[in-house]
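Hello,

Here is the structure I said I would pass on. My notes on it follow below.

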2 protein chains.
Amino acid sequence: MKALGRHILAEVYGCDPTVINDVEKVERILVDAALKAGAEVREVAFHKFSPQGVSGMVIISESHLAVHTWPELGYAAVDVFTCGEHVDPWVSMRYICEAFGAQNVTATETLRGILPEKNSASNQSGRPWQPGSVPAQAVAG
Amino acid sequence: MKALGRHILAEVYGCDPTVINDVEKVERILVDAALKAGAEVREVAFHKFSPQGVSGMVIISESHLAVHTWPELGYAAVDVFTCGEHVDPWVSMRYICEAFGAQNVTATETLRGILPEKNSASNQSGRPWQPGSVPAQAVAG
């Protein structure tokens, strides 16, 4: 029994307000974070709120990155969720925290898609892993 | 000390594969789930993978909904993250699970943005709550 993916939820405090209130910077940071971990970017959507704050998400082949910022608090809620074996979500998370100038971070990693072996049998098709399919090595144990 | 938001991570098993492999249906379900909870939809991005699987996210004023599906396993990873007092993330989550025809769901709720009172003082500005700001009732305790 193995998991399909790893999902990090991070509480990112003491961020630089000028960075996390800048939608273009935040988008660039999240996209770069995905690329640095070797992920493949599929869709990007960001939104700037008035008077302040940014929300955004990057859909990657391996799942997603998401962010919501409260510049007035120096706080950002950051998620990095990756599936498969070849992308390390912590690479992305570390990059984002550094780029936000974070002074304090607490993070938890949750395993997603923990499936019993009987469900895994149907996925050993030998086709290359991609989201929506299952990496054989991740489920066959 | 209170939290800015509530983030539900759900493992949704036994889904109808024809539903969770249909990107248009999945998008409609997530958008409807947001609306049924009274959330305000800001951005929508979905992607259909080949040979199967859907990933997508809905940015709402109150944070986001996200989904990744493995139709061949009948499995979906679903997130609903809402901030503020007026949107209940469980309303959205229940709607999604029902619409996916789920037979089994496990879910956890995590509080996001737990801030000390000293940080809360600057947010009692009386302006209407919106993402990027902080609902006074959620931080003033």
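Between chain B and chain A there are 20 residue pairs in polar contact, counting pairs with both residues at pLDDT 80 or more. The model is predicted. The side of chain B that touches chain A draws at least two residues from each of strand 1 (2–13), strand 2 (41–48), strand 3 (54–60), strand 4 (63–70), strand 5 (75–83) and strand 6 (104–115) of chain B. By class, that side has 26 nonpolar, 20 polar and seven charged residues.

Four salt bridges are counted between chain B and chain A. One pairs the side chains of B:Arg112 and A:Asp79, at 2.9 Å from N to O.

In contact terms, 53 residues of chain B meet 52 residues of chain A. The two chains bury about 4000 Å² between them, with 61% of it on carbon and sulfur atoms. B:Trp70, B:Leu73 and B:Arg112 supply 15% of the area that chain B buries against chain A, more than any other three residues.

I also looked at helix 2 of chain A. Its 14 residues (23–36) should span 20 Å at 1.5 Å a residue, and the end C-alpha atoms are 20 Å apart, so the two agree. At the start of this helix, a side-chain oxygen of A:Asp22 comes to within 3.0 Å of the backbone nitrogen of A:Glu24. Buried residues in helix 2 of chain A include A:Val26, A:Ile29, A:Leu30 and A:Asp32. The buried residues of the helix pack against helix 1 (17–20), strand 2 (41–48), strand 3 (54–60), strand 4 (63–70) and helix 3 (89–99) of chain A. Just after helix 2, A:Gly38 has a positive phi of about 85 degrees.

Regards

Note on methods:
Residues are numbered from 1 along each chain as its sequence is written. Chains are lettered from A and ligands numbered from 1 in the order in which they are written. This is a predicted model: local features need pLDDT of at least 70, side-chain atom pairs count only at pLDDT 80 or more; totals for chains, interfaces and linings use all residues. Side-chain values use heavy atoms; hydrogens and water are left out. Contact means heavy atoms within 4.5 Å. Buried area is the accessible area (1.4 Å probe) that two parts lose on being put together, summed over both. A polar contact is a pair of N or O atoms within 3.5 Å; within protein, one must be able to donate a hydrogen and the other to accept it, and residues adjacent in sequence count only if both atoms are side-chain atoms. Helices (H or I, at least four residues) and strands (E, at least two) are DSSP runs, numbered from the N terminus. Ala, Val, Leu, Ile, Met, Phe, Trp, Tyr, Cys and Pro count as nonpolar, Asp, Glu, Lys and Arg as charged, and the others, Gly among them, as polar. The expected span of a helix is 1.5 Å times one less than its number of residues. Buried means under 20% relative accessible area, exposed over 50%, partly exposed in between (1.4 Å probe, protein chains only).
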